Amino acid sequence: MDRVNQFAFKIATANGTGSASANSLIMQAIFRMGIPVTGKNVFPSNIQGLPTWYEIRVDKHGYTARTPTFDLMVALNPATYQKDVQEVRSGGWLMYDSTWPLDARLTRPDVAYLGIPLADMCNARFSGSRERILMKNIAYAGALAALLGMDTSIIRALLTEKYSRKPALKDSNQQAVDLGFEYARKHFPCPLPIHLEAMDKTTDSILIDGNTASALGCLYAGATVGAWYPITPATSLMEAFKSFCQKFRRDPETKRNRFAILQAEDEIAAVGMVIGAGWAGARAFTSTAGPGISLMNEFIGLAYYGEVPAVIFDVQRAGPSTGMPTRTQQGDLMLCAYASHGDTRHICLYPADPREAFEIAVAAFDLAERFQTPVFVLSDLDIGMNDWMIPKLTWNDAYRPDRGKVLSPEELETARTFHRYLDSDGDGIPYRTLPGEHPKGAYFTRGSGHNRYGGYTEDGDEYADVLDRIDRKIQRAARAVPPPIVRTAPGATIGLLTVGGCHAACVEALDQLAREGLAIDYMRVRGFPFGDDVARFLASHELVFVVEQNRDAQLRSLLMLETDTNADKLESVRYYAGFPMSAHHVVAGVKAKLERAA
Amino acid sequence: MTYISKPTVHHPALRKNELGLTRRDYEGAITTLCAGCGHDSITAAIIQAFWELSIAPHKVAKLSGIGCSSKTPAYFLREAHGFNGVHGRMPALVTGANAANRDVIYIGISGDGDSLSIGLGHLCHAIRRNVNVLYVLENNGVYGLTKGQFSASADPGSLSKKGEANTMEAIDGCLLALTLGATFVARSFSGDKGQLVPILKAGLAHNGFAFVDVISPCVTFNDHEGSTKSYAYTREKNVEVVAADFVLPTAAITTAYDPGSVHSVVLHDGSTVRLRKVDDDYDPTDPDRSYTFIRERHKEGEVVTGLLYISPDSSDVHEQNQTVEMPLTKVPYEQLCPGSAELEKLQRGFR
């Protein structure tokens, strides 16, 4: 049976051999053919030599979740060959480098083998060991183009664009593509039953990773100070911000920078710098992962209690401790919601894809300044570092930053008095002032006990007065965070609630279950504290599946702590092995419970 | 009680500076430190320095960590914003604040526990970045608020109040700063206001990290016989090697010096520091020789004080990063956001 525009394949190579450019060439070519495509990079915590994989899913319906079975395996790494062979579905294909004989013990009778002498061909055509290795990887892209029916003119155009300033590289890449292409066409029936046919489903879309999109959000929100400590998988966020700033934030006359990026000595200092900059009136942020959040805890409490805006991007990776730095997870939900000692509760935002990563980044700065508090943006490695197909980002030029209640020097001049922590508007949000502006605006920010006038206190009532007001303030933010995404199914009595990067797997699973006759309402929360709509969703369903990517059902715990929902009503579905969640994880979890109940 | 404010009614005969302000206008709340605490003398010197320089108090931001010393920003410049952060990590806060608004004048107050133990790393990196701040380390060799434990600046053999001898090597903030490439390193004594005030003024004018270690005896826990941070010990062992005079760019130089003994350093803002060498062997513009000199004298039991090192061509973090002259907080949003057309254009590269 032909499977046109609906299949998945996986490429196994070694890290640092240039396979990344071949893989992105393949992704882009499929995307430009108008066919929905997603790529998942499964990479090691290593620079060179360890195994790495790239998974590409082509789906005409636009499903983007990871799929665990592969129609075609491009097995180019002898170190993982044995395992890779096992991952091909029965009736699938396996491409290998036939320069070396294949170990007969590794062959499967139900898989078709496509041997291509990639190394031989490239050794004959190219000189220099590095070039031979790099071109070998480009050659497999050419072979795939023939086997999958890719549009070769698109590949040619992509190489021309990519190497517009290096024509020699363009030529050698094109030669390598042609080598693979011609060999495959001559020796195998091309295209395979799994293949591509041009569509028009990507015209208004882009391919982008979430960290780049978040960085764009920071740029557009008007962030001027970024402080950070390098950490996988958050590094590319600040690096993207830096390159955008270098492009868009140079004073045209003086060539000086309208931004400051500070690479701190550790994550503690990074968040301290963000808090210092926020206190002084800049939009400031840091990008980090779980280990960084652990270190930042003390400072986060200071910003919460001293009421200083700060934006913290947590690109989650598999914990605890160092965990698996190059694998994805949603393990920091609890940590961020109540970070730091003492009574705290923080605004958390949860994007599900790069488009939301862009929009939510902007929202984070507005919320941080409006509520004068740290705001967490929790994405994950899958959202942050993988290439996603999303509708083009749009920007409303009428947008202006919400700087919150900051008194100007003019307002201070005419004001009778100013007290930093006084709730004069009854909304829990006091007025603040910036240093250097007006003598009447002076106040003392402190993490020690203070009263509503900003004075030091050890008086229990005065202390509680401020602490309770901050609680009211943060609870009010539930109405200001992005609302949940809801999808209702007619007649559904059960619900499914999830967060962030589980979205793609959940919607695909729900479609599949609907086809099997099971109607389930869907909610994806996008902000914490949860609003009333979340409580209502839980209350209005007899059973709610809570889908998330961590061992301890942290989202479910948050729901139990923050709403009056009974524990036995919330059925946990979890997957936390470090790969992006697949639809089958959700389907299996739902069915297991329903079968038990039946 | 740091919220008790001082009366603001002044005697009409009090001297006024160029802004028409008296020293009282540079004061803060009444101190809650122990009577006789060295830190209060430093506070008085800070008030004097800002007053003499005619800096409007609200143009200043004062930041600190945690500990006795870190309480003192409440006791000066009541019209300046204050930030009492977390223990040891004020350098991070001031780095961020300075990145955001480079026009504010920053003073950081820290102690030896704050700077040399829990926050040692942050201090080192703020020095490396050369953040433009006057950083005052009020150094008493002891943890006062937790009642008398040794700090990292306690000398080996120095005795605690209970008679216990310190066994570990001390961290000398000035030597540390010199090894890290600091551009301004000074040491003074809280009991010598005449020496300290010009150093603080020069530190404020310095474009970069001005590190000032001030020996500031703790009258309650570290002022006894056997302590090397007591008033008596510091008075006896303190040796001034360089005396600094600070001259504003506009001021006429009236004092005549013997030309052979004076070294003038012109600072970023045009002001001049005139260094009078008390010790002929000392060169305050050579960091390596300064380092060796301080160490040698320390071995002989002397506490070398003065403006120990100053680099006239200091380039601060903003110069290193080529930040715009205008504070980032003042750059209009229109100059920060590229707009929808650029976004559209940019995304052509994402296909």
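Two strands count as paired if DSSP finds at least two bridges between them. The model is predicted. Strand β18 of chain A, residues 444–446, and β2(B) run parallel, joined by 3 bridges. Within this pairing, Arg446(A) stands opposite Asn84(B) of β2(B).

**The interface**

The contact between the chains involves 50 residues of chain B and 59 residues of chain A. Four elements of chain B, β2 (81–84), α3 (90–100), α5 (120–129) and α11 (339–346), each supply at least two residues of the side that touches chain A. The most comes from α3(B), with 8 residues.

**Chain B**

Chain B holds 11 helices and 12 strands. Its radius of gyration is 21 Å, close to the 20 Å that the globule rule gives for 351 residues, so chain B is as compact as a globular protein of that length. The C-alpha trace spans about 75 × 50 × 50 Å along its principal axes. Of the 351 residues in chain B, 54% are buried. Among contacts in chain B with a separation of 6 or more, 71% link residues 24 or more positions apart.

**A helix in chain A**

Which residues of helix α3 (residues 118–125) of chain A are buried? They are Leu118(A), Met121(A) and Cys122(A). These residues cover an arc of only 90° around the axis, so they sit on the same side of α3(A). Their cover includes β6 (88–97), β7 (112–116), α4 (129–148) and α6 (167–187) of chain A.

Technical notes. Residues numbered from 1 in each chain as written. Chains lettered and ligands numbered in written order. Predicted model: local features only at pLDDT ≥ 70, side-chain atom pairs only at ≥ 80, totals over all residues. Rg over C-alpha atoms; globule rule 2.2 N^0.38 Å. Buried ≥ 20, exposed ≤ 12 C-beta atoms within 10 Å, placed from the backbone. Contact = placed C-beta atoms within 7 Å. Arc of directions from axis to C-beta.
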